[in-house]
Amino acid sequence: MLKIDEVTNSEGFPERCDVAVIGGGIVGVSTAYELARRGVSVVLLEKGIIGGEQSGRNWGWVRQQNRDLYELPLAMQSLRRWSELSEELDEDVGFRRSGILYGTEQQSDVAQWESWLARAREVGFSSEILSARELASRIPSGRAKWAGGLWSVTDGRAEPSKAAPAIARGAQRIGAKVYQNCAVRGLDMSAGRVSGIWTERGRLAADTVVLAGGAWSALFCQRHGIDLPAINVMGTALRTAEAPGVIEGCFSGPDFALRRRLDGGYTIAVPGYGRVELAPQNLRHSVKFRTMFRSKLKKKLKIRVGQSFFQGPEASANWRDGDLSPFEKARVLDPRPDMEWLDRALHNVARVFPELSGMRIAHAWAGAIDTTPDLVPVMSKVDAKPGLVIASGFSGHGFGLGPGAGLLVSRLVMEDAPQLDLNPFRLARFSDGSKLSSPQMM
């Protein structure tokens, strides 16, 4: 298991609140924090531990560049919140604005970056295209036949083991209630709208419920007749022991991603590679993912039979409020890492940075990445269930987008002007006949 900073449960258990937030990942804790800042009575409920699943298992990148253009304004808003959080919380979330650098051996990648950057400038973001020589000067120890690079000085990194717990503790200090090992089994409905939730501790009355359950959100929705098209991709990463410094921040190279950690090691992964398990939920949504599989992930995904067919977030949604739910049977989802990807990642890193050959793996892990057909998240009210707001399907981008998403969702709950266009994030895009966008620069 990963080591995640601890959060202490709030005392007692309330009978009611204004807003109940389901899920203690980065999006859930950020939503609870933003609502508490506004004086809202908010209760945050997590079936396991805060940050125990993908929010504590991701790469730790906080980036704006190479985002889908729908996501870019949200990423820009989120980075502003990242830069403010440590001072607001009086805690170090590990955020460092150390820049993010991409390097490639393919001229086609450079052309794609140039095209993306031209459109990104229209929404106010700018990064820098680097020539092969300019890229080599930034990473002088790199050994590759570079075609060029992409550099954003304003992007950064943060520590997944610290961020969500620190934000949850900050929410507690300003009035939010936080309960771990407290699964939410279902919604309570009255007069056609949400009136609360059923938890393993009993009923909690609430005027609004925010579902930020990550990999578990689609299963929760299915039980209530809500179709949230999402599959879970099992991604693998590792951290090394202390190693020579070849970069200060984050670097994406030929088939590897590298982040310098505060402890002197690296977090390493192979971008886009993962595993999908055959299970009822994934099979039910497979048609909607056909375009994505063909365009982006056909050669990068392994399709396997696994435990998800019988238990976990892709299993059958057949339980009642008084039953032991799937959320209690798997407090912290801890998929097995894929050693093939780890070996490939280390090989790719050593090819470019020979001084990193033979690095010792300190820990390897996997996480479930809740993924939508267009790789764009859902942040949306649910027309069929007034009082329910979904904030899920972040497709591996939730950590970097989390603080901005929390601010956006809090405004959605409060019915304030959202500042950003919510249309690309609406749940109805999957059912109203809209043509889904093809996954872009992600």
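**Ground rules.** I am working with a predicted model, where local features need pLDDT of at least 70, side-chain atom pairs count only at pLDDT 80 or more, and totals for chains, interfaces and linings use all residues. Residues are numbered from 1 along each chain as its sequence is written, and side-chain values use heavy atoms, with hydrogens and water left out.

**Cores.** I looked up the largest nonpolar core and found 49 residues. A nonpolar core is a set of buried Ala, Val, Leu, Ile, Met, Phe, Trp, Tyr and Cys residues joined through side-chain atoms within 4.5 Å. Buried means under 20% relative accessible area, exposed over 50%, and partly exposed in between (1.4 Å probe, protein chains only). V19, I26, V42, I50, W82, V210 and M379 have the most contacts inside this core. Elements giving it two or more residues include β1 (16-22), α1 (26-37) and α11 (398-413). I name elements by DSSP runs: helices are H or I with at least four residues, strands are E with at least two, numbered from the N terminus. I also noted a second, separate core of 38 residues, which includes Y179, V184, A330 and A368.

**I26.** Next I listed its contacts (heavy atoms within 4.5 Å). Leaving out residues up to four places away in sequence, I26 touches S55, W82, A163, A164, I167, G398, F399, G402 and P403.

**α1 and α11.** I checked how these helices pack. Their axes lie 7 Å apart, at an angle of about 40 degrees. Axes are lines fitted to C-alpha atoms, for helices over the stretch in contact, and angles run from 0 to 180 degrees between N-to-C directions. The two helices are therefore oblique to each other. Under 35 degrees would count as roughly parallel, over 145 as roughly antiparallel, and 65 to 115 as roughly perpendicular; the rest is oblique. From α1, residues including I26, S30 and L35 take part in the meeting with α11.

**Strand β13.** I looked at both faces of residues 250-253. C250 and S252 are buried on one side, and F251 and G253 on the other. Strands pair if DSSP finds at least two bridges between them. β4 (residues 100-104) pairs with β13 in the parallel sense over three bridges. There, L101 stands opposite F251. β14 (residues 256-260) runs antiparallel to β13, joined by four bridges. F256 is the bridge partner of G253. In this hairpin, with two residues between the strands, D255 takes a positive phi near 65 degrees.

**G358.** I found this residue in the loop between α10 (339-352) and β18 (361-371). G358 is exposed, at 79% relative accessible area.
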